[in-house]
Amino acid sequence: SLILLLLLLLFSSGDNDIRMSRLSTNEFTESFPIFYQTGVLFSSNELNEGEYSSMVQMVFCESDMSSNDIDSYKAPIKLTIANGAFKYNYSPGHFDKNTNELYFTANNLKSDNYRAYNLSIAKGKIEELEIESIEFLNINNPNYSVTHPTLSEDGQTMIVGSDKDGDFDLYQYYKKDENNWELARKLIELESDFDELRPNLINDTTLIFSSDHYLGQGGYDLYLTTKNSKGVWKKPTNLNKLNSSDDDFSYLPIDSNSGYIYSNRKNNNGDIFYFTEKDE
């Protein structure tokens, strides 16, 4: 597609002509942004009262998204979890606009059908910034973590990161029915002796993920891959201009030359950065 071609041209070579701006200037960790309604949903360890918490929670920043201006973001509002979830850490993965369901990663969170201690994937309905009707997916396992879901445009295919075989690798599932997912395959064409995690389907044929592969710039880097006509993912391309010598985990595009990444560059805790191509 045209957007994919522009992405590859923009991030694969040449001088670094990308401008980076932090979404927030506070000292808290903010991570894993996804679009929700007219703003961005992401994780933060700041409570509404301004106190620091070791618990990672989800917050929402409303914005005039058409402006692509970080100054348009309003103060963050914390999401709440219905029905007495106690200690928890959670981060958004995918919002399905068709069903109003949020798929997210959580641990130490209980629901009627599951108690998560490792990282696990849950889903729930969002109503007025409250997550209701939480259910943990049947693909979770108490012996390993399953994290950061991303879904196809029709909601029938899901890719996750899991350390079920030791290192984190990417796995693809298909939806059997409303409450059950079945493993389709491990994405062995993207597998290495390092971690591959935090997948994000830009569309049904374009996937971006993070890896600490030794060919990267240092720490975790962002990689882009596309699917061929046989459904196999091609050799990944390092998104050089977006990556740093620190860890770069999460990528959320606005258009072909701007978007958000989650990175711990310039900050030990990690932040969400808005990026755009510099003006000539």
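**Conventions for the views.** A residue is called buried under 20% relative accessible area, exposed over 50%, and partly exposed in between, with a 1.4 Å probe and protein chains only. Helices (H or I, at least four residues) and strands (E, at least two) are DSSP runs numbered from the N terminus. The structure is a predicted model, in which local features need pLDDT of at least 70 and side-chain atom pairs count only at pLDDT 80 or more, while totals for chains, interfaces and linings use all residues. Residues are numbered from 1 along each chain as its sequence is written, and side-chain values use heavy atoms, with hydrogens and water left out.

**View 1. Strand 21 and its pairing with strand 22.** Of the eight residues of strand 21, six are buried, so that the strand is mostly covered. Strand 21 runs antiparallel to strand 22 (residues 258–263), and six bridges connect the two; strands are taken to pair if DSSP finds at least two bridges between them. Within this pairing, Asp248 is placed opposite Ser263 of strand 22.

View 2. On a 1 Å grid over the protein atoms alone, a cavity is a set of points where a 1.4 Å probe fits but cannot get out; a pocket is an open set with protein on both sides within 12 Å along at least five of seven lines, and lining residues have an atom within 4 Å of a point. Points are joined across faces, edges and corners, and a volume is the space filled by probe spheres set on them. One cavity of 30 Å³ or more is found, and the largest cavity holds about 30 Å³ of space. Its lining consists of Arg198, Asn200, Ile208, Leu222, Phe249, Ser250 and Tyr251. Strand 17 and strand 21 are the elements giving two or more residues to this lining, and strand 21 provides the largest share, three residues. By class, the lining of the largest cavity comprises four nonpolar residues, two polar and one charged. Here Ala, Val, Leu, Ile, Met, Phe, Trp, Tyr, Cys and Pro count as nonpolar, Asp, Glu, Lys and Arg as charged, and the others, Gly among them, as polar.

**View 3. The largest pocket.** The volume of the largest pocket is about 750 Å³. At least two lining residues come from each of strand 2 (30–36), strand 7 (89–96), strand 13 (146–151), strand 17 (196–203) and strand 21 (248–255). The lining of the largest pocket includes 13 nonpolar, eleven polar and six charged residues.

**View 4. Salt bridges of Lys123.** A salt bridge requires a side-chain nitrogen of Lys or Arg within 4 Å of a carboxyl oxygen of Asp or Glu; the whole structure contains eight. Lys123 and Glu101 form one at 3.5 Å, N to O. Because Lys123 belongs to strand 11 (residues 120–127) and Glu101 to strand 8 (residues 101–107), the pair ties together parts 22 residues apart in sequence. Lys123 is buried at 4% relative accessibility, and Glu101 is buried at 7%. Lys123 also forms a salt bridge with Glu178, with the closest N and O atoms 3.5 Å apart. Glu178 lies in the loop between strand 15 (167–177) and strand 16 (180–186), 55 residues from Lys123, and is partly exposed at 45% relative accessibility.

View 5. The side chains of Asp169 and Lys186 form a salt bridge at 3.4 Å, N to O. Asp169 in strand 15 and Lys186 in strand 16 are 17 residues apart, and both are buried. A network of salt bridges links Asp165, Asp169, Lys186 and Glu191.
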